[in-house]
Every structure is written in C-alpha cells, then in structure tokens.
Amino acid sequence: MSDGHVVLTSEANPFSPTAIARVTEFAPDTVTVPTPAIREALRLLDDYLVSPASSRPGHVIAIVGDYGTGKTHLAVRLLQHARETAPAVTRTVYLDAPAGTFVALYKRFIEQLELDDVRDRVREYYADIVADALSSSGFGSDVARPLRDGEIDPVGIVERFGLMESSFLQQVQHTLERVTRNEAFGTALTLLLRRGFDDAVWEWLTGHEPDQILKDRGIDTAICTEAAALEAMGVFALLYGHRDRRFVVVVDELDKVLSASSRPTEDAIEAFKKLLEVC
C-alpha cells in the first residue's frame, strides 16, 4: 500500500533504501490498519500503561523490518496510544536517532524535556518525604494528603511550618541517589529544589562542563561519554516512573547509532544493555 504500513511478503522490497520516515505526529486523517504486529505491540504497551504500579513491568519493544514496511508508523502509533490511554500520567518522547554516538542521542533526548517538568518530578519526591514526616508526627497531618496529591507546594509548607529544610533536602538527596543509583544525579536533581541552582544544573544535564558551583558539591565531569549519556537516560526513566507515572520513549532508526561508521565501544554496549534493564 502507498502509505507503507502493511508488511510486504514478496521477496524483493520495492521501496527505496532511502525511504526513511521523518514523522513525529499523525495527521488527523492518518489511517492505521490493525495488523497482527500492531495489535501485539499495543497489547504489550497496555500491559505497561494500565497495570498497577506494584505489578507493572516495563517493556522494551524492538520494531524490526525492511524499508517502507511501516516501522515509524507503528512507533508513532504507540506514542499516540500512550497519550490517549493515560494522558495525565504519561510522558512521551520521540527521538529520531542521529548518525552518530549515544552522546548525540542523549542530547536530542534532553532537548525533549523541560526544566520545570523535571523539577516537578523531583518536587514529588520532596512532597512525599515531607508528608511522611508530618503524618508520623501528627503535627500538620491534615496537609499530608494534599501534599501527596500535588495540591500544595512542599517548599512552601516547609517554610510555613518552620521545618528543618536541610534535613528534608538531605533525605531527598539520599532517596534520589538510591533511585537513580548515581550520586552525582542525586545531588544535581536535589539542587533544583534550591534557589539559584537551576541554570547550573540544567547546563550540566544538557551536556556542558559542570559549573564551579557543582564542582564544589562533587559533580566534576560532564555527561560526555556514551556510557554516561546512556546512564543519564536511565536516570530520567527512573525519575519519571515515580508515583505511578509512565515514561514512553521511542528511538527511531536506532541502527544509525549502531552502524559500522560509529561503532559503539564495549562499555557503551554494556551501558545500553543496562538502560534496557532499567526501562
């Protein structure tokens, strides 16, 4: 078919090897034929989207096929389905892989995120810790639920109640270090809760050399190796998986990163395997 989303069964592929889609969103009149491959992929995605957090495994879905057989169409259909199924708690990211390294892929990845949204995810960890403290003490326990529901700013509550901010921030840092399995990221993400650190943290997260204000806190290397870039992507997958949220990332044309011209190192391949396990 001319729209290229039906898998052909003939031996010779009639499509040009340069027929690579550049699509990030469907047009309103786009038609998807529910082939067995599409139904199976949607079923796997639904296992992740609708299962309770306590029993919800992540999935890594590899879409493999010849040129013109609809790989990008299926990938974008999955993104669309994720947004439609759980829009309030699902964050989706589409990446058109570059003909380069995993570092270049990470830079495209971080460009799809926003500082305010990342801070909000960190703020949820902070809110949970403050809510736990208020609930166990009985003092201010009536604000614990709205804190967990995101109705109240935890930073404002700590200031209003005169609570020990440094103690709570330290707990957040330890929690994020445990969740992300990375001390530098635990430190950097916690700093987003403090005034005056936004620019320095975000510059570092986007791949620049750490500012002196971060070096003073033990963050002394940039995210500039393939292993570091892949680890960073895993950190965000874990960060966005908090509070029963869903994080769906599509990497289109991944083979360009794995091509012979930019063959990843053995360390990068191991880091990529770790990223898949994290997801």
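Me: Is Cys279 buried or exposed, or something in between?

Reply: Cys279 is partly exposed in this predicted model, because its relative accessible area is 41%. Cys224 is partly exposed too, at 48%.

Me: Okay, helices next. How do I read the packing of H11 and H12?

Reply: Two packed helices are described by the angle between their axes and the distance between the axes. In this model, H11 covers residues 226-240 and H12 covers residues 266-278. Their axes are 8 Å apart, at an angle of about 5 degrees. Angles under 35 degrees count as roughly parallel, so H11 and H12 are roughly parallel to each other.

Me: Which residues make that contact?

Reply: From H11 you'll find Glu226, Ala227, Leu230, Glu231, Met233, Gly234 and Leu238. H12 brings Asp267, Ala268, Ala271, Phe272, Lys274, Leu275 and Val278.

Me: What about aromatic rings? How many pairs does the structure hold?

Reply: For a pair, you check how far apart the ring centres are and how the planes are angled. The structure holds six aromatic pairs. One of them is Phe185 with Trp204, with 5.0 Å centre to centre and 50 degrees between the planes, which makes the pair tilted. Phe185 sits in helix H8 (residues 183-191) and Trp204 in helix H9 (residues 198-205), 19 residues apart, and the pair links distant parts of the chain. Both Phe185 and Trp204 are buried.

Me: Which residues form an aromatic cluster?

Reply: Tyr106, Phe109, Phe236, Tyr240 and Phe247 form one together.

Me: Last one: what is there to notice about phi at Arg181?

Reply: Most residues other than glycine have a negative phi, and most peptide bonds are trans. Arg181 is not a glycine, yet its phi is positive, about 60 degrees. You'll find Arg181 in the loop between helix H7 (165-180) and H8. Its relative accessibility is 54%, so Arg181 counts as exposed.

Me: And where does Glu253 lie?

Reply: Glu253 lies in the loop between strand S2 (246-252) and H12. Glu253 also has a positive phi of about 60 degrees without being a glycine. At 13% relative accessibility, though, Glu253 counts as buried.

Methods:
Residues are numbered from 1 along each chain as its sequence is written. This is a predicted model: local features need pLDDT of at least 70, side-chain atom pairs count only at pLDDT 80 or more; totals for chains, interfaces and linings use all residues. Side-chain values use heavy atoms; hydrogens and water are left out. Axes are lines fitted to C-alpha atoms, for helices over the stretch in contact, and angles run from 0 to 180 degrees between N-to-C directions. Helices (H or I, at least four residues) and strands (E, at least two) are DSSP runs, numbered from the N terminus. Angles under 35 degrees count as roughly parallel, over 145 as roughly antiparallel, 65 to 115 as roughly perpendicular and the rest as oblique. Contact means heavy atoms within 4.5 Å. Buried means under 20% relative accessible area, exposed over 50%, partly exposed in between (1.4 Å probe, protein chains only). Rings of Phe, Tyr and Trp (its six-membered ring) pair if their centres lie within 6.5 Å; planes under 30 degrees apart count as stacked, over 60 as edge-to-face and the rest as tilted.
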